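Please keep the sequence and the model in view while reading.

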Amino acid sequence: VAIAALWHSGWRTTRLPRFIADDNPIDILDFLNNDELREHFSVDVSARYRWEFPNARIEICADLSNVTDRQNLAGVDFDEEEVEGGYLILPDKETLLGFVPSIGITLSF
(Lines give C-alpha, C1' and ligand atoms only; values in the text may rest on other atoms or scores of the structure.)
Protein backbone atom coordinates (compact mmCIF):
# COMPACT_ATOMS: atom_id res chain seq x y z
CA VAL A 1 0.00 0.00 0.00
CA ALA A 2 1.29 3.44 -0.86
CA ILE A 3 -0.01 6.94 -0.24
CA ALA A 4 1.33 10.01 -2.01
CA ALA A 5 0.47 13.66 -1.47
CA LEU A 6 1.40 16.32 -4.00
CA TRP A 7 1.25 20.06 -3.39
CA HIS A 8 2.67 22.95 -5.33
CA SER A 9 1.97 26.63 -5.64
CA GLY A 10 -0.38 27.73 -8.39
CA TRP A 11 0.84 28.06 -11.96
CA ARG A 12 1.15 31.49 -13.51
CA THR A 13 -1.85 32.64 -15.53
CA THR A 14 -3.20 35.73 -17.25
CA ARG A 15 -6.14 37.76 -15.98
CA LEU A 16 -7.68 39.92 -18.69
CA PRO A 17 -10.05 42.86 -18.20
CA ARG A 18 -13.76 41.92 -18.24
CA PHE A 19 -14.53 44.46 -20.99
CA ILE A 20 -12.49 45.70 -23.93
CA ALA A 21 -13.83 48.72 -25.77
CA ASP A 22 -13.82 48.78 -29.58
CA ASP A 23 -11.80 52.00 -29.61
CA ASN A 24 -9.36 50.96 -26.87
CA PRO A 25 -7.33 47.87 -27.86
CA ILE A 26 -5.12 46.34 -25.17
CA ASP A 27 -1.51 45.21 -25.30
CA ILE A 28 -1.48 41.59 -24.15
CA LEU A 29 2.05 42.03 -22.75
CA ASP A 30 0.53 44.34 -20.12
CA PHE A 31 -1.45 41.38 -18.77
CA LEU A 32 0.64 38.30 -19.55
CA ASN A 33 1.28 36.15 -16.43
CA ASN A 34 -0.14 38.82 -14.12
CA ASP A 35 -1.93 36.34 -11.84
CA GLU A 36 -1.57 32.91 -10.27
CA LEU A 37 -3.95 29.94 -10.08
CA ARG A 38 -4.74 28.54 -6.64
CA GLU A 39 -2.43 25.90 -5.18
CA HIS A 40 -2.50 22.37 -6.57
CA PHE A 41 -3.10 19.53 -4.10
CA SER A 42 -3.72 15.83 -4.67
CA VAL A 43 -3.67 12.67 -2.54
CA ASP A 44 -3.26 9.32 -4.31
CA VAL A 45 -3.54 5.82 -2.84
CA SER A 46 -2.28 2.61 -4.43
CA ALA A 47 -2.49 -1.02 -3.32
CA ARG A 48 -0.94 -4.09 -4.96
CA TYR A 49 -0.83 -7.77 -4.18
CA ARG A 50 1.16 -10.46 -5.99
CA TRP A 51 0.96 -14.24 -6.11
CA GLU A 52 4.07 -16.10 -7.30
CA PHE A 53 3.76 -19.49 -8.99
CA PRO A 54 6.52 -21.67 -10.47
CA ASN A 55 5.85 -20.50 -14.07
CA ALA A 56 3.65 -17.45 -13.62
CA ARG A 57 2.83 -14.45 -11.51
CA ILE A 58 -0.54 -12.77 -10.92
CA GLU A 59 -0.71 -9.22 -9.63
CA ILE A 60 -3.81 -7.22 -8.79
CA CYS A 61 -3.80 -3.50 -8.19
CA ALA A 62 -6.18 -0.76 -7.15
CA ASP A 63 -5.37 2.92 -7.51
CA LEU A 64 -7.30 5.93 -6.28
CA SER A 65 -6.15 9.23 -7.76
CA ASN A 66 -7.14 12.55 -6.21
CA VAL A 67 -9.08 10.89 -3.39
CA THR A 68 -10.22 14.27 -2.02
CA ASP A 69 -11.81 15.03 -5.44
CA ARG A 70 -10.23 18.47 -5.38
CA GLN A 71 -10.95 20.52 -8.49
CA ASN A 72 -7.36 21.51 -9.30
CA LEU A 73 -7.12 24.16 -11.96
CA ALA A 74 -5.17 23.40 -15.14
CA GLY A 75 -5.54 26.81 -16.72
CA VAL A 76 -7.96 29.44 -17.96
CA ASP A 77 -9.40 29.83 -21.44
CA PHE A 78 -11.19 33.00 -22.43
CA ASP A 79 -14.43 33.32 -24.34
CA GLU A 80 -15.40 36.59 -25.91
CA GLU A 81 -18.87 37.97 -26.38
CA GLU A 82 -19.48 40.90 -28.67
CA VAL A 83 -21.61 43.55 -27.00
CA GLU A 84 -22.41 47.14 -27.84
CA GLY A 85 -19.23 49.19 -27.74
CA GLY A 86 -16.78 46.30 -27.40
CA TYR A 87 -16.27 42.79 -26.09
CA LEU A 88 -16.92 41.01 -22.83
CA ILE A 89 -14.03 38.72 -21.89
CA LEU A 90 -15.31 35.70 -19.98
CA PRO A 91 -12.81 33.45 -18.18
CA ASP A 92 -13.46 29.70 -18.50
CA LYS A 93 -11.49 27.80 -15.86
CA GLU A 94 -10.28 24.34 -16.91
CA THR A 95 -9.83 21.68 -14.22
CA LEU A 96 -7.73 18.56 -14.07
CA LEU A 97 -9.24 15.14 -13.42
CA GLY A 98 -11.21 14.72 -10.22
CA PHE A 99 -11.38 11.47 -8.27
CA VAL A 100 -10.33 8.55 -10.51
CA PRO A 101 -10.49 4.93 -9.31
CA SER A 102 -8.84 2.16 -11.34
CA ILE A 103 -8.21 -1.54 -10.93
CA GLY A 104 -6.01 -3.95 -12.84
CA ILE A 105 -4.92 -7.55 -13.11
CA THR A 106 -1.60 -8.65 -14.61
CA LEU A 107 -0.73 -12.22 -15.53
CA SER A 108 2.96 -12.76 -16.29
CA PHE A 109 4.58 -15.95 -17.63
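The model is a predicted one, in which local features need pLDDT of at least 70 and side-chain atom pairs count only at pLDDT 80 or more, while totals for chains, interfaces and linings use all residues. Residues are numbered from 1 along each chain as its sequence is written, and side-chain values use heavy atoms, with hydrogens and water left out.

**The sheet**

Strands, here and below, are DSSP runs of E with at least two residues, numbered from the N terminus. Three of them make up an open sheet, in the order β3-β8-β7 and with antiparallel pairing; two strands pair if DSSP finds at least two bridges between them. At the edges lie β3 (19-21) and β7 (73-83), each of which pairs on one side only. From one strand to the next, the twist averages 25 degrees; angles run from 0 to 180 degrees between the N-to-C directions of axes, which are lines fitted to C-alpha atoms. Between β3 and β8, which run antiparallel, there are three bridges. Ala 21 has Gly 86 in β8 as its bridge partner.

**Leu 88**

Strand β8 (residues 86-95) also holds Leu 88. Beyond its neighbours within four places in sequence, Leu 88 is in contact with Arg 18, Phe 19, Asp 79, Glu 80, Glu 81 and Val 83, where contact means heavy atoms within 4.5 Å. A separation of 32 Å lies between the C-alpha atoms of Leu 88 and Phe 41, which are 47 residues apart along the chain.

**Salt bridges**

The structure contains six salt bridges, each defined as a side-chain nitrogen of Lys or Arg within 4 Å of a carboxyl oxygen of Asp or Glu. The table includes three of them.

| Salt bridge | N to O distance |
|---|---|
| Arg 12 and Glu 36 | 3.7 Å |
| Arg 48 and Asp 63 | 3.5 Å |
| Glu 59 and Arg 50 | 3.7 Å |

Arg 12 and Glu 36 form a salt bridge that links distant parts of the chain, with Arg 12 in strand β2 (residues 12-13) and Glu 36 in strand β4 (residues 35-36), 24 residues apart. Glu 36 is partly exposed, at a relative accessible area of 41%.

Arg 48 and Asp 63 also meet in a salt bridge. This pair too links distant parts of the chain: Arg 48 belongs to strand β5 (residues 40-52) and Asp 63 to strand β6 (residues 57-65), 15 residues apart. Arg 48 is partly exposed at 46% relative accessibility, whereas Asp 63 is buried, with a relative accessible area of 18%.

In the salt bridge between Glu 59 and Arg 50, Glu 59 is partly exposed at 22% relative accessible area, and Arg 50 is partly exposed at 44%. Salt bridges with shared partners join Arg 50, Glu 52, Arg 57 and Glu 59 into one network.

**The largest pocket**

The largest pocket holds about 230 Å³ of space. A pocket is an open set of points on a 1 Å grid over the protein atoms alone, where a 1.4 Å probe fits, with protein on both sides within 12 Å along at least five of seven lines; lining residues have an atom within 4 Å of a point. Its volume is the space filled by probe spheres set on the points, which are joined across faces, edges and corners. Of the 15 lining residues, Arg 15, Asp 35, Val 76, Pro 91 and Lys 93 are the closest to the centre of the largest pocket. At least two residues of this lining come from each of β4, β7 and β8.

Technical notes: Helices (H or I, at least four residues) and strands (E, at least two) are DSSP runs, numbered from the N terminus. Buried means under 20% relative accessible area, exposed over 50%, partly exposed in between (1.4 Å probe, protein chains only).
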